[in-house]
Amino acid sequence: MPISGDDLFFADTATLNQAWKRGEISAREMAEAFAERLEKIGPGLNALATSLKKEAGKTASEVDKERKRERFRGPLQAVPFGAKDLLAWPGAPTTWGAKPYAEQTFEEPATVLKKLRGTGAVLVGKLAMIELAGGPSYRWAKASHTGPCRNPWNRDHWAGGSSSGSGAAVAAGLVPFALGSETSGSILTPAAFCGVTGLRPTYGLVSRAGAMALSWTLDKIGPLARTAEDCGRILQAISGGDGKDPGSAGKGFYFAPQFAKPVAQIKIGFAPGDFDQWAEESTRPAFAEALRVFQSMGVTMKEAALPDFPYGPLVSTILQGEAASIFEELVESGKVDELADERQIAGLRETQNLLAKDYLRAMRIRRNVTEAFGRFFYETDVDMVLAPTRTSTANLIAQPLDASRRSSSSAAPAQRPPGLVQHIPAGNLAGLPALSLPCGFAEGLPVGLTLMARPFHENAILAVGMEFQKRTDWHKRRPAV
């Protein structure tokens, strides 16, 4: 039966690609349907930065000509997608989510968008984001040129930062997948809050050329999508060395989960306290059930804790030091005052006062973090670790973020074991890959679990994620938008 109705908007990439190959729907019809839905629903969620409907239709028509010639490029051909508005695209504004850059344009596309264009995927819109990707600090969900991005599951709640538009758009069926970026949590957090799957790749695996820089040594680009399998296909398309990115690892990625270690042989580290002490009480039943699913998969669960480092302060210092240089002109010109969040303005001004010795000390300690994680997986004898992506559900938009959320980078209270709760700042410092999987709901809002592994072990976490999603249907749930 041809795909139609809401089934079209909530289908995975393989379903859409195969429907196009069979001639059940044209690429142009698909692109226009998603672009129209993005234009209709996106503004109400504050998720849309710029619609590319007209250009997408033309691109899709060219893709349809390839089907007639039986020129099949791969599994993303004809599939529409969206991109966070820090990725350059010719002919469209690239606002970085901030008023001072509202009219900014670039002549060359970001490398990742050029790569996706080469697969035959069709860009239908640029998606909203927290201004300047959230650095160095912000206090309100409204810290965006497009306003607070609303969660499709409950519009009184936030979609998560800073890739908020990407998370909301995928969750609401406005695009089958989207690209986001992460410096310290900006892919994983909206994935968890919006109930979608998000992949943070190993640092350097995906080129950042043509993307706004927030922190040269922390920034990463990755997908938010329906499934772990989708994330693997997208990562294969966007990965690879790039001389235009000084941080490029010079490596590609081939999605081959079938060659990863069998799931029944996998050893996963976890900390019980993350789930029954750190997690907010309303989320604990969902997390407990998700743990039972993992145990049913035959994996070996072992207790583990992260190496002991001040992860949050290290990330903060490094980010401040690098953002001070990146946004020096914004601050000195006075245009920083046009930003939407007062704490963001004050934070950017304060970066100019950071001492070089403090930045360099943080980078030296970071080297110790990287070395410690090089030993961690071997000494604990685990292949990956598992923890709540966030220990709470999405914040209320009307409340300041520091009043309603418990930061994963905050110091652990004495009565709570440290466990793995700081995996977001820790994993970003060490450049580790991580996959956030939707695993249930608490009070009507999604929650997610994160798998994190050694550098360049994306196939391992994707294989485990795929097995989890074979046994659950949280990734198939649809908000009433």
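Mentor: Cysteine 194 is buried in this predicted model, its relative accessible area being 1%. The cysteine sulfur closest to that of cysteine 194 belongs to cysteine 149 and lies 6.8 Å away, which is too far for a bond. A disulfide would require the two sulfur atoms to be within 2.5 Å. Cysteine 439 likewise takes part in no disulfide, for its nearest cysteine sulfur, that of cysteine 194, is 14 Å away. Cysteine 439 is also buried, with a relative accessible area of 2%. A search of the structure as a whole returns zero disulfides.

For context, one may turn to helix α14, which covers residues 356-379. Among the buried residues of α14 are Tyr359, Arg366, Phe373 and Phe377. The elements covering the buried residues of α14 include α11 (311-326), β11 (384-388), α16 (423-430) and β13 (445-453). Just after α14, aspartate 381 adopts a positive phi of about 55°.

Finally, a word on confidence. The pLDDT averages 96 over the chain, and 98% of the residues score at least 70. Over residues 404-412, however, the pLDDT is below 50, although this stretch has 24 contacts in the model beyond near neighbours in sequence.

Technical notes
Residues are numbered from 1 along each chain as its sequence is written. This is a predicted model: local features need pLDDT of at least 70, side-chain atom pairs count only at pLDDT 80 or more; totals for chains, interfaces and linings use all residues. Side-chain values use heavy atoms; hydrogens and water are left out. Helices (H or I, at least four residues) and strands (E, at least two) are DSSP runs, numbered from the N terminus. The expected span of a helix is 1.5 Å times one less than its number of residues. Buried means under 20% relative accessible area, exposed over 50%, partly exposed in between (1.4 Å probe, protein chains only). Contact means heavy atoms within 4.5 Å. pLDDT is the predictor's confidence in each residue, from 0 to 100.
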